[in-house]
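Visitor: I would like to learn how to read a structure of this kind, one feature at a time. Could you show me where to begin?

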Amino acid sequence: MSGRPERPVRPGRRLQVRWNDADALGHVNNAVYLSYLEAARGDLIRAALGDGVWWDCVLARIEIDFLREIPISVPEVTVRASVLRIGTSSLRTRDEVLLPDGTVAARAEAVLVVRNRDTGKARPLTADERAALERYLAVEDEPSPSV
Amino acid sequence: MTGSVGGPRWIERRVDLRWRDVDALGHVNHTIYLAYMSEVRDALGVAALGVHAREQFVLARIEVDYRAEVELDDEWVTARASLLRIGTTSMRTLEEVVRPDGVLAARAESVSVLTDRATSRPRPFTAEERAGLEVLLGPGAA
């Protein structure tokens with residue numbers, strides 16, 4: 001991802017941690033991290049391409065490193081996402097969940113495929129969409145936000 | 001792949017779908033696939049180590065490929081897991097979610113770390129635990 005132009009760091013957004021997010025170990029269950037990460041991707045895609053396109057995005061693959069437990073006593077986390085690579089009909093994003101002190105609790109890379117709503121088949125991104133996504137390309141070694 | 005020579009040695013569980021598993025797109029939400037996989041990874045851990053595995057394995061990494069949608073009409077899925085590799089403090093497993101019609105809905109590889117719950121630190125498998133895991137290694141596993 002080197003060689004990208006400098007981009008402003010976006011602050012992400014806060015998400016409440018719910019009691020129901022915890023499992024028997026007293027921490028946020030691994031599957032719930034995916035809901036947190038999805039909220040970040042939703043913000044990203046809606047900001048770049050609008051709500052309609054978000055509905056047409058399907059998750060094809062995700063790789064997640066669970067770096068820290070999130071104890072259920074944590075009231076909220078911060079989530080953020082940026083674009084790593086723009087393909088023909090797909091894009092790769094980097095999604096993160098951060099603890100209140102700025103520690104990264106999970107980092108993921110996701111591949112989203114954009115579908116044609118009528119056919120359900122993948123469709124190419126338009127030139128306008130590609131240009132819009134480029135504004136959200138990731139910054140290398142993005143520092144933690146101060147929230 | 002089940003039963004094929006050199007293929008994975010699967011531990012399987014049938015998981016019934018719930019109304020709440022389905023999102024606004026009318027299919028099982030992607031996060032729920034991980035819940036299905038957890039069911040069978042838990043079964044694998046318990047089969048190898050006993051019930052204490054439940055409170056000591058923590059998921060450190062997972063890579064999921066989503067292959068097909070699951071809908072409420074499918075009613076249930078088969079989740080299956082196979083042990084790929086045993087590390088010092090962790091294990092790597094393969095998980096699959098298969099629809100009743102036999103279509104592979106998702107495949108994942110994950111790394112689970114054995115932790116001391118008092119310190120949340122990884123701890124090495126004991127010799128007994130390692131022996132329990134080795135029983136589950138498929139013929140094709142490392």
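Guide: Let us begin with exposure: a residue is called buried if 20 or more other C-beta atoms, placed from the backbone, lie within 10 Å of its own, exposed if 12 or fewer do, and partly exposed in between. This is a predicted model, in which local features need pLDDT of at least 70, side-chain atom pairs count only at pLDDT 80 or more, and totals for chains, interfaces and linings use all residues. Residues are numbered from 1 along each chain as its sequence is written, while chains are lettered from A and ligands numbered from 1 in the order in which they are written.

Visitor: Why does S120(B) count as partly exposed?

Guide: S120(B) counts as partly exposed because it has 13 C-beta neighbours inside 10 Å.

Visitor: What is the phi of S120(B) near?

Guide: Most residues other than glycine have a negative phi. For S120(B), phi is near 65°, a positive value. Another residue other than glycine with a positive phi is E75(B), near 70°, and E75(B) counts as exposed because 11 C-beta neighbours lie inside 10 Å.

Visitor: How many residues of chain A are in contact with chain B?

Guide: Two residues are in contact if their C-beta atoms, placed from the backbone, lie within 7 Å. By that rule, 14 residues of chain A are in contact with 15 residues of chain B. Helices (H or I, at least four residues) and strands (E, at least two) are DSSP runs, numbered from the N terminus, and β2(A) gives the most to the side of chain A that touches chain B, with 8 residues.
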